[in-house]
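Please look through the structure below.

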Amino acid sequence: MALLQDVLVAGTGPAAIQLAVLLKRWQRSRVGIAGRRSVRSAPFFEALHQSGRTVYVDTSNVKLSSLQGECRLDAVYPEYGRVEEEWDTFILAVTADAFLPVLEQIQSPVLRGFRCVALLSPTFGSSALVRHYLKERGCDAEVISFSTYLGDTRRISESPPNRVHTAAAKRRVYAGSSEKHSEAVEAFRRLYANAGIELAALESALEAETRNISLYVHPPLFMNDFSLGAIFDRPDVPKYVYKLFPEGPITPVLIREMLEQWKEISAIARVLGAKPLNLLQFMVDDNYPVRPESLPRQVIDGFPELEPIHQQYALYVRYASLLIDPYSEPDPGGRYFDFSAVPLRPVFLNHEGAWEIPRMPKEDDYRLKIIQGIARLGGVPCPTIDRFVSRYEHRLLSAASSLSGAHFSESFVPQSFDKDIERIGEELQLGAAARTTLSDPSNP
């Protein structure tokens, strides 16, 4: 039986809606959506009830028309524990730290029926974690990791929660599997091709997980004193994620830490048998391009072999070159689109009336601690990653003194994620054998 015939999507966010429409339009799949009952998800399920289980995707321009459409869902489950029937493919369109909490709620007979579990936005080690957990539950499903979500999909405030807007799509997404020869990856490749997106298959799920730019840029951009101050102290004047100091956090020191963290992640990847990436090449070719006048091709392609000071210079130039969109058209005054004006979001009061930390850096805390745990199991020193974690936890512990008038969400309590790290270590067989293959972490 071919995969993607019966697909259950976990999550109630914009990505889940876009996937449902994509599967219905191009694959003619039977599609269900499952979520968890909460104050935040209640309007979504009510909108589905009012619309007869219909979801909608609008797009910004004709180039994205292959992603737009509407579809009627075949099944809707407002609680994961109420999922029934058989589904061949289960797509986890939730944050990486929610993978196991979602799987834990799926009834065992349903879970054992999955032939493929796909991780839409995993972090480093997520496939190993999910694979280990599935084995504990008696499920031998193939686990696929995508490098990242396929584009930029969001809800528009004036629209109902079952209608989303996709503003951009990636040119290329990577995927890897727990199986050597994966029919599921090929099925997803055909699906993505219909949407005009290249899906490149890699040797393993772990290698696909290293192709997420957030791993390399979010910790240095968000876990520095400047950004943490803007997030937790809620200043009156906005600060911006991708701007140079003093408008934003980017300084030569931040760039040096970004470089050092890339080298630490590269060392961990090598211990696990995954090929490290060329950071600058990945930034330019797979994310946001810069003009060749700013960064010549030989600098981009030869980045791993450059001296550290030259690597820092090239990364700084890359960010300076993206303060504006270098490929936009200037206005009559000669000004280009202000590409870097992405504000640092401060802490906010959530639907339950508690102080909440924005998705960035809350998600990055999980990502970073998982990488830190894998590094320790593999015997790889990671002082820069340790520094990021220490800074972030210090701000969590001091937040109570600067915020008042409401209680705090659980995200303000430092987490260890020891059980997740233990499962990953067992699945990857980390220990003495892995440490004997340890390479010099100073070499990317």
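In this predicted model, Arg395 has a relative accessibility of 16% and counts as buried, because buried means under 20% relative accessible area. The side chain of Arg395 meets that of Asp233 in a salt bridge, at 2.7 Å from N to O. Arg395 lies in helix 15, while Asp233 lies in the loop between helix 9 and helix 10 (252-271), so the pair ties together parts that are 162 residues apart in sequence. Asp233 is partly exposed, with a relative accessible area of 43%. A network is also present: Arg256, Glu257, Glu260, Arg387 and Arg391 are joined into one by salt bridges that share partners.

Arg172 counts as partly exposed, at 29% relative accessibility, whereas Asp286 counts as buried, at 16%.

What separates Glu186 and Arg189 along their helix? Glu186 and Arg189 are three residues apart in helix 6 (residues 183-194), which means that about one helical turn separates them. Their side chains meet in a salt bridge of 2.8 Å, N to O. Glu186 counts as partly exposed at 31% relative accessibility, and Arg189 counts as partly exposed at 33%.

Helix 9 (residues 225-232) is mostly covered, with six of its eight residues buried. These buried residues are Ser227, Leu228, Gly229, Ala230, Ile231 and Phe232. Which helices do the buried residues of helix 9 pack against? They pack against helix 8 (213-222), helix 14 and helix 15 (383-402).

Helix 14 is also the place of Gln372. Is Gln372 buried or exposed? Gln372 has a relative accessible area of 9%, so Gln372 is buried. Leaving aside residues up to four places away in sequence, Gln372 touches Cys382, Ile385, Asp386 and Val389.

In helix 16 (residues 418-428), the buried residues are Asp420, Ile421, Arg423, Ile424 and Gly425. After helix 16 comes Gln429, which has a positive phi, near 55 degrees.

Which residues form a positive surface patch? Arg36, Arg40, Arg155 and Arg345 form a positive surface patch. Arg36 is placed in the loop between strand 2 (30-34) and helix 2 (42-51). With a relative accessible area of 53%, Arg36 is exposed, because exposed means over 50%.

Definitions and conventions
Residues are numbered from 1 along each chain as its sequence is written. This is a predicted model: local features need pLDDT of at least 70, side-chain atom pairs count only at pLDDT 80 or more; totals for chains, interfaces and linings use all residues. Side-chain values use heavy atoms; hydrogens and water are left out. Patches are made of residues with over 30% relative accessible area and no salt bridge: like charges are joined within 9 Å, nonpolar side chains (Val, Leu, Ile, Met, Phe, Trp, Tyr) within 5 Å. Accessible areas come from the Shrake-Rupley method with a 1.4 Å probe; for residues, only the protein chains shown count as cover. A salt bridge is a side-chain nitrogen of Lys or Arg within 4 Å of a carboxyl oxygen of Asp or Glu. Lys and Arg count as positive and Asp and Glu as negative; His and the chain ends are not counted. The place of a charge is taken as NZ of Lys, CZ of Arg, CG of Asp or CD of Glu. Helices (H or I, at least four residues) and strands (E, at least two) are DSSP runs, numbered from the N terminus. Buried means under 20% relative accessible area, exposed over 50%, partly exposed in between (1.4 Å probe, protein chains only). Contact means heavy atoms within 4.5 Å.
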